[in-house]
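Subject: Structure handover

Hello,

Here is the structure you asked for. My notes on it follow below.

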Amino acid sequence: MNQICIECNSDNLQKKGIRLAGKTRNLAYKCNDCGEEFSVPYNNEPEEIIENDDLHYIRDEEYISSIISKNRIVFTTALNNTPINKRFYNSLQQYCNHNDASFVVFPIRYKNPSLINTDSKVWYPSEIVPYLSENKIDILPNLKALGGLKPQATADSPLSGIDGLSKGASLIFGHPQVALKTLARISEKYPAIVCTTGSISEKNYSSTKAGYKAAFNHSMSAVVVEIDDDGDFFIRHLNFDGKGFYDFENYYTSKSVKKIDNPIEAIAVGDEHAAFVDPDVRKATYDNKDSIVKVLKPKKIIRHDVLDFFSGSHHHKNDVFLKYAKHHSQGIWSVKSELDLTIDYINDTTPPNTTNLLVASNHTDHLKRWLNEYTTGDSENALLYHYLMYKMLENTKLDGQAFYCPEPFELYASDKMQENTLFLSRNESFRIKDVLISSHGDAGTNGSRGSPKQFASIPAKMIVGHSHSPSIEKGCYTLGTSSLLRMSYNKGSSTWDNCQCLIYNNGKRQMVFIRNGKWRV
């Protein structure tokens, strides 16, 4: 029987799509005669196909309130007319049950032009229908999930053009490609984070160029948001490896949750700048009893810009006022003091049986430039200068056209550090679990300036530092900083954030943000 208007009994109705009240499906109508809008129960099975224009998953306020009532929420994305990966789905269910987390799936529409004789109807697998939502979910005043934002499933850069929607709030929205970046802030302590979810669906794209690229960048992933009692929130990705996924010390599969004693192979630490490391970041990363390093016990620590070299930086050469302030601040003018402080910092933050990997970085390079440009009026550092110059010249060689010159910080520090420290050179290709970790990120292709977008085109998974601005650009993960978020050279608005990156035993990576001295709930 055809539906009639509940107000005027007219059958001149316009379908307005599926509306969900809790887990109950209703079909919404608008009367073209009297204008009344209403909905009635829709009793078809969840997997039944529905006309394209009529399929909407708008949840009621009670359902959304139940989602945000928990301090953990897991978000992922599903493509229409596409099977889900049931192992990943069941692993996520294990995760949500174990952590008392809400589960939300953002539906995305995609019509595959390579499939012939398909009609305009769409469907989603019945398992995930109860979790589908197109709502804008205000998790916190400064954290929102945009279920109604539907970028093209084949979009090469899903974060493009999203910045203006933030208005200072962090945003999560659905897309099969994992992407992340921080947005500039001026007065707030931390920048807003904008990220996509990854997908629970299998790959199902056209044979076009756009389809091939979308399939290549398709990631079986989800995003979890944790909120603590102070209102601080933590965003990170859960990356499926075909059997399960790690989240810190636990490994989740479709059948079990296992606690792993040594879950990570390495931690890549955001640029450390030992002289200006944020004390709370240091504690959360290394020192606290429940710090990242003490809980997860990495075999390797990857360090970027651990030497800041503020004491002799060439950037200050023509700044009379900064040079005056440095000269009258105890220890700040002494290059030797800063070198020793940096070495002590590395030794103090390295657990036994852990290998340090020091990535060649631009701030460390400043020491060699200082040696080249030293002026005789710098009596404070004269003794160190002559000592280092002697050691450098003693080890500098030319063999045919092969020129070798040692790195001065390695030369000075190697016999003062623990034995388990490796200095990685500029042209070295060092990988951990197939992830290239030996590039700092300042130097790009053929001498150009490096950028995440440029590194994303390199045929390798990478972790880089340098910019202090965390991002995920396809295969390139860019670290944040472990330093203070305000330094002498980042004036005005800033995208800097405190963020480290884990490399798990299965080769998957995970960005870990630090908030007010905490790295998780």
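A residue is called buried here if its relative accessible area is under 20%. By that cut-off Phe-309 is buried, because its relative accessible area is 0%. Please keep in mind that this is a predicted model.

Phe-309 sits in the loop between β20 and α6. Its phi is positive, at about 65 degrees, although Phe-309 is not a glycine. Most residues other than glycine have a negative phi. Asp-305 lies in the loop between β20 (300-303) and α6 (320-327). Asp-305 also has a positive phi, near 45 degrees, and is not a glycine either. At 2% relative accessibility, Asp-305 counts as buried.

The sheet
Look next at an open sheet of 4 strands. The order is β7-β6-β14-β15, and the pairing is mixed. Which strands stand at the edges? They are β7 (102-108) and β15 (233-239). Each has a single partner strand, so one side of each is left without a neighbour in the sheet. From one strand to the next, the twist averages 25 degrees. Strands β6 (residues 72-79) and β14 (residues 221-227) run antiparallel and are joined by 4 bridges. In that pair, Ile-73 stands opposite Val-225 of β14. Helix α1 (residues 61-68) lies across β6 and β7, and runs at about 125 degrees to β7.

Thr-82
Thr-82 is in the loop between β6 and α2 (86-99). Is Thr-82 buried or exposed? Thr-82 is buried, with a relative accessible area of 1%. Its side chain reaches the backbone oxygen of Asn-80 at 2.8 Å. The side chain of Thr-82 also makes a polar contact with the side chain of Asn-204, at 2.8 Å. Leaving aside neighbours within four places in sequence, Thr-82 is in contact with Trp-123, Pro-125, Ser-201, Glu-202 and Asn-204.

Cysteines
How many disulfides does the structure hold? The count is 0. A disulfide is a covalent bond between the sulfur atoms of two cysteines. For Cys-34, the closest cysteine sulfur is in Cys-5, 3.6 Å away. That is too far for a bond, because a disulfide needs the two sulfur atoms within 2.5 Å. Cys-34 is partly exposed, with a relative accessible area of 39%. Cys-405 is partly exposed as well, at 23%.

Best wishes

Conventions. Residues numbered from 1 in each chain as written. Predicted model: local features only at pLDDT ≥ 70, side-chain atom pairs only at ≥ 80, totals over all residues. Heavy atoms only, no water. Pairing = 2+ DSSP bridges. Helix = DSSP H or I, 4+ residues; strand = E, 2+ residues; numbered from the N terminus. Axes fitted to C-alpha atoms, helices over the stretch in contact; angles between N-to-C directions. Contact = heavy atoms within 4.5 Å. Buried < 20%, exposed > 50% of the residue type's maximum accessible area, 1.4 Å probe, protein only. Polar contact = N/O pair within 3.5 Å; in protein donor to acceptor, adjacent residues only side chain to side chain.
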